[in-house]
There are 2 protein chains.
Amino acid sequence: MTSGSICAEEQAEIVLLSGGGGGARLAAGLHAATTGERFNVVTNTGDDFEHLGLTICPDTDSVLYALSQQIDPVRGWGREGETWGVFDELTKLGGPDWFQLGDKDLALHLIRAALLADGVGLCEVTAVLARQLGVTSAVSIMPATEDRLRTCVSTSEGEMAFQEYFVKHRCAPQLMAVRYEGIAEAKPSPRLVDLLVGAGSRAVDVVLGPSNPFLSLAPILDLPGMADLLRERARHVIAVSPIVEGQALKGPAAKIMSELGLSVSAAGWMQWMADRYPDLIDLWVWDERDHALADTTRMTHPNIVVTDTVMSDPERARQFAEWILRASRDGD
Amino acid sequence: MTSGSICAEEQAEIVLLSGGGGGARLAAGLHAATTGERFNVVTNTGDDFEHLGLTICPDTDSVLYALSQQIDPVRGWGREGETWGVFDELTKLGGPDWFQLGDKDLALHLIRAALLADGVGLCEVTAVLARQLGVTSAVSIMPATEDRLRTCVSTSEGEMAFQEYFVKHRCAPQLMAVRYEGIAEAKPSPRLVDLLVGAGSRAVDVVLGPSNPFLSLAPILDLPGMADLLRERARHVIAVSPIVEGQALKGPAAKIMSELGLSVSAAGWMQWMADRYPDLIDLWVWDERDHALADTTRMTHPNIVVTDTVMSDPERARQFAEWILRASRDGD
């Protein structure tokens, strides 16, 4: 954070760092809560992969679909009212069928493929797709990097690409390590740097969504220079725990924490984040269901607040986003 | 041809050179007529193009669909019983919609894209797709070249790629010249060379399908070394006129002949082919509707025969294919 003092302040420009699950829900909540004010979503690209000759960007797309209110509310990914004409035929033809691709979803991937083939950068591609999907121009969605970055995992069944682990193997193998292939050579995307560096006197508050720390946030925060850029330019950095009552609401975060030998709790999450990104996070947001643990942990880490973080429907996502906006404005 | 004498001979292995329209129909007819005997289809790749990040091979795919009996009989291209989930969404999203891509068709393009991305050559890709579509293993479908070759046209509205001219502009601009980009560096595909050179003592008869000479046959026959290879290795070369009563049954062949200053007739077609590929073609097959013109032309070109070449349904395609097989066996 840029200042040690925390007091009632004006609304800063919000920058949400997001994976595809809870982060996308929070993005949709912020969209409802900001009612036309500018905000920004920085999406994880570590999950991106090449499949059937296409570049698939699952986390970016989840945010695009969430913000255009076209995400499938039941599955929590992909498009609502999806059809499966291509996928059914692909399966019939014996093509690779471990990654489900709906027709509407494919239309987006094909437009992205055409733009990438024309040499358009991933941020501009994402901006075009956002416009085409009808996302309000008040929101900027930007992949964290335009350079190639691919999350790989070492597991009990060997090294594998993230989507293989996540989709093909349904996170079943025991995870031993996570590696972000290409991250040493990757740069934060120019639009993100512009947003932070070019903010000038504008205040920027950064929210780390309730996303998987290993698979969604680290591939953003570990980009060379990224954590320092946030330390230097962000007024407040607020992190939302993805662990509630020792469970991840969605995805393998709890399983991975356990396999990596961490305490599976909001406290374990906070400790890992604080150790890995010292002096970055000003405010730790835990779910109110963990208030007892928060009370004891607060003795050593005073900047923990609790609220209802469970975004089980769009209205609760909006309410939580409003809480986040207030916390960002008030500094606590 | 390898021998000047033409007499009753055994059945040779048939190699059909084909575009996507009449050639694909003849391929399906040969499939019905050969009942399990080996034959080969060499497909034009000059129409191939890159679209939405995918490599589309329209002529090869028409042959694949024709031989797996899945070609749409009304449109004459693409898959029967096609659905349009992706294309409808692509159009809604403002993506490029000038080239229609059905869902089933796209499944094939995506499998091809995945294989090409893995470094598999176009002939092997085509063999895999043929197997997956259920084409009998007795038929080998091979793109004429695995190297990049792209037909471009000079028109009254400027230079353009073939598919732009053919699909986007529906062949409306006046055509002034055809150019086969990359052909000087392209090689006939290794499988085709193997088939011809490796035939050893086996006889090979080559059939030039009733395909557009400028757009479908020239991009095959102009490949470096190709015409000589055929002159040297083929027992007979039989060419089927795509012009019947001064009209092309399908496509822009007649319009292009007229624009290039040729006589729009089977005689005009034959003259162009004979001038461009001297000493290649042994037998010229005209439609019986042109018998009067054939009678007069035969005074200078004795090797013209007439029959019913109009393959208006699968049964007539089979009958014409049987006629071709007899002509190939008998040498006239």
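At what angle do α4(A) and α3(B) pack, and how far apart are their axes? In this predicted model, the angle between α4(A) and α3(B) is about 55°, and their axes lie 8 Å apart.

## Helix contact between the chains

An angle of about 55° separates α4(A) from α3(B), and the two helices are therefore oblique to each other. The crossing in which α4(A) passes α3(B) is right-handed.

On the α4(A) side, the residues that take part are D103(A), K104(A), L106(A), A107(A), L110(A) and I111(A); in α3(B) they meet G85(B), V86(B), E89(B) and L90(B). Sorted by class, this contact comprises six nonpolar residues, one polar residue and three charged residues.

## Interface of chain B with chain A

Contact between the chains involves 26 residues of chain B and 26 residues of chain A. On the side of chain B that touches chain A, two or more residues are given by each of α3 (85-92), α4 (103-117) and α5 (122-133) of chain B. Of these elements, α4(B) supplies the largest share, 11 residues. The residues on this side of chain B comprise 16 nonpolar, six polar and four charged.

Which surfaces do the two copies use to meet? Of the interface residues of chain B, 100% are also interface residues in chain A, so the copies meet through the same surface.

## Symmetry of the two copies

Two copies of a chain are related by a rotation about an axis and a shift along it. Here, chain B is superposed on chain A by a rotation of 180° with 0.0 Å of shift along the axis, at an RMSD of 0.0 Å. This is the relation of a two-fold axis.

Which residue of chain B comes closest to the rotation axis? That residue is G85(B), whose C-alpha lies at 3.3 Å from the axis. G85(B) is also one of the α3(B) residues that meet α4(A).

## Packing of α4 and α5 within each chain

Within chain A, helix α4 (residues 103-117) packs on helix α5 (residues 122-133) at an angle of about 140°, with 10 Å between their axes. The helices α4(A) and α5(A) are therefore oblique to each other, and α4(A) passes α5(A) in a right-handed crossing. From α4(A), the residues L108(A), I111(A), R112(A), L115(A) and L116(A) meet V125(A), V128(A) and L129(A) in α5(A). This contact consists of seven nonpolar residues and one charged residue, with no polar residue. I111(A) takes part in this contact with α5(A) and also in the contact of α4(A) with α3(B).

In chain B, the axes of α4(B) and α5(B) cross at roughly 140° and come within 10 Å. These two helices are therefore oblique to each other, and the crossing of α4(B) past α5(B) is right-handed. By class, the contact of α4(B) with α5(B) has seven nonpolar residues, no polar residue and one charged residue.

## Overall form of chain A

Chain A contains 13 helices and 14 strands. Along its principal axes, the C-alpha trace of chain A spans about 60 × 45 × 40 Å. For 332 residues, a compact globule would have a radius of gyration near 20 Å, and the 19 Å of chain A agrees with this.

Terms used:
Residues are numbered from 1 along each chain as its sequence is written. Chains are lettered from A and ligands numbered from 1 in the order in which they are written. This is a predicted model: local features need pLDDT of at least 70, side-chain atom pairs count only at pLDDT 80 or more; totals for chains, interfaces and linings use all residues. Two residues are in contact if their C-beta atoms, placed from the backbone, lie within 7 Å. Helices (H or I, at least four residues) and strands (E, at least two) are DSSP runs, numbered from the N terminus. Ala, Val, Leu, Ile, Met, Phe, Trp, Tyr, Cys and Pro count as nonpolar, Asp, Glu, Lys and Arg as charged, and the others, Gly among them, as polar. Copies are superposed by least squares on the C-alpha atoms of residues with pLDDT of at least 70 in both. Axes are lines fitted to C-alpha atoms, for helices over the stretch in contact, and angles run from 0 to 180 degrees between N-to-C directions. Angles under 35 degrees count as roughly parallel, over 145 as roughly antiparallel, 65 to 115 as roughly perpendicular and the rest as oblique. A crossing is left-handed if the near helix is turned anticlockwise from the far one by less than a right angle, and right-handed if clockwise. The radius of gyration is taken over C-alpha atoms; the globule rule is 2.2 Å times the number of residues to the power 0.38.
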